[in-house]
Amino acid sequence: MPIAGLYGPEDLGRSAPGHSAPVIDRTPHSKNHADALSRPPLEWTPDVERATAHLYQRVKEVIPPVEWPFMAPYVKAINELKAARNAVILAHNYQTPEIFHCVADIVGDSLQLAVEATKVKADIIVQCGVHFMAETSKILNPHKTVLIPDSRAGCSLAASITGADVRLLRERFPGVPVVAYVNTSADVKAEVDICCTSSNAVQVVESLNAPTVIFLPDRYLAQYVASKTNVKIIAWKGACEVHERFTGDELRAYREADPSVQIIAHPECPPDVLAEADFTGSTAHMIKWVKDKRPKRLVMITECSMADNVRAELPEVKMVQPCNLCPHMKRITLPNILESLLLLREEVVIDPAIADKARRSVERMINLKN
């Protein structure tokens with residue numbers, strides 16, 4: 001069914017977005033971990049070539065040989081520093097292949113990373129993703145050190161709404177439960193009943209057993225959820241700056257150029273895009289679809305590093321790539337991952353009172369039975 005209502009700050013009497021900046025400790029420190037470590041050499045040598053040869057095999061389909069000598073010294077140094085620091089790297093599917101396939105210990109979409117974050121045994125978590133993901137890891141691991149290599153790695157969805165907005169929505173719609181996409185800040189998660197990802201959004205909405213649900217902040221994911229359930233959805237006027245740039249006209253042009261091409265899309269895309277797609281699903285569901293179907297030619301309507309990461313594993317699938325890069329995800333690089341591990345920065349800090357409330361909504365999502 002159509003969404004029952006669409007609201008933004010101006011509809012609640014707030015004239016400007018006014019999203020608060022994340023709390024980050026940028027001071028280099030060791031916090032009882034190993035003393036400051038020596039900066040490793042970053043030259044391409046026969047030793048580096050030997051040590052990273054098996055890793056290059058994972059990415060040789062997407063990283064040209066001429067580029068690898070510049071990346072390999074960082075890859076080797078980062079993997080050695082992880083061991084020295086007792087650190088683990090979590091990387092989202094939108095990270096570039098040299099990060100995703102060569103230095104990450106745990107990879108996945110937002111739901112997978114949230115679940116795996118609860119199982120981490122290491123002292124330090126380095127989040128290779130955007131800031132709300134690092135906050136989620138900290139929420140679930142309050143006593144661990146959580147680092148993000150560049151705190152400017154934000155998210156248009158997370159920036160579109162505040163905890164104050166959620167409180168105003170509750171005043172406008174008393175008694176209506178609130179679901180927040182994980183692409184939100186800790187202060188928003190602290191004000192809602194339960195979180196969701198695109199993988200489980202419909203399941204989460206229906207688990208509340210309510211006739212009407214407030215779903216925020218992605219208007220397009222809200223429309224997708226509304227089309228899959230009889231629950232009335234009240235949505236927020238947020239959108240992903242990557243996915244909203246795709247158009248149905250663009251997809252039709254791909255089909256006209258090659259009628260055999262298969263198109264799969266993420267539900268954060270506008271409805272005219274989803275109407276043209278052969279399959280719509282979350283990041284994890286898109287990857288599973290490709291592995292199951294093995295199409296000859298494929299267009300993945302999502303952030304374009306994900307297509308690179310899939311192509312590295314499935315070189316027989318020819319990717320026709322419409323390239324909409326996430327500028328925030330691309331702030332995470334091998335050099336700043338190395339700096340993060342060397343200097344133990346930038347550390348994510350969350351007010352314990354906010355973290356405790358946010359933890360309930362995230363854990364309620366994780367513990368939801370399939």
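This is a predicted model: local features need pLDDT of at least 70, side-chain atom pairs count only at pLDDT 80 or more; totals for chains, interfaces and linings use all residues.
In strand β14, Met319 is the bridge partner of Leu298. Residues are numbered from 1 along each chain as its sequence is written, and side-chain values use heavy atoms, with hydrogens and water left out.

A word on names: helices (H or I, at least four residues) and strands (E, at least two) are DSSP runs, numbered from the N terminus. Two strands pair if DSSP finds at least two bridges between them.

Back to β13. The pairing of β13 with β14 (residues 318-319) is parallel and runs over two bridges. Strand β11 (residues 262-265) also pairs with β13 in the parallel sense, over four bridges. There, Gln262 stands opposite Leu298 of β13. How many of the five residues of β13 are buried? Four of the five residues in β13 (residues 297-301) are buried, so the strand is largely enclosed by the rest of the structure. Buried means under 20% relative accessible area, exposed means over 50%, and partly exposed is in between, with a 1.4 Å probe and protein chains only.

Next, an open sheet. Five strands make it up, in the order β1-β10-β9-β7-β8, with parallel pairing. Its edge strands are β1 (5-7) and β8 (194-196), each of which pairs on one side only. On average, neighbouring strands of this sheet are turned by 25° against each other, direction ignored. Angles run from 0 to 180 degrees between N-to-C directions, and axes are lines fitted to C-alpha atoms, for helices over the stretch in contact. Between β1 and β10 (residues 232-236) the pairing is parallel, over three bridges, and Leu6 stands opposite Ala235 in β10. Helix α6 (residues 163-172) packs on the sheet and touches β1, β7 (178-181), β9 (212-216) and β10. The direction of α6 makes about 160° with that of β9. Contact means heavy atoms within 4.5 Å.

Now a helix pair. Helix α4 (residues 110-117) and helix α5 (residues 131-140) have axes that come within 9 Å and cross at roughly 25°. That makes α4 roughly parallel to α5; the cut-offs are under 35 degrees for roughly parallel, over 145 for roughly antiparallel, 65 to 115 for roughly perpendicular, and oblique for the rest. On the α4 side the contact is made by Ser110, Ala114 and Ala117, and on the α5 side by Phe132, Met133, Thr136, Ser137 and Leu140. By class, that contact has five nonpolar, three polar and no charged residues. Here Ala, Val, Leu, Ile, Met, Phe, Trp, Tyr, Cys and Pro count as nonpolar, Asp, Glu, Lys and Arg as charged, and the others, Gly among them, as polar.

Last, the backbone. Most residues other than glycine have a negative phi, and most peptide bonds are trans. Where is Pro217? Pro217 sits in the loop between β9 and α9 (219-227), and the peptide bond from Leu216 to Pro217 is cis, with omega near 0°. Another cis peptide bond joins Arg345 and Glu346, with omega about -5°. Glu346 lies in the loop between α14 (334-343) and β15 (347-348).

Asn86 is not a glycine, yet has a positive phi of about 55°. Its loop runs between α2 (68-85) and β3 (87-92). With 36% relative accessibility, Asn86 counts as partly exposed.
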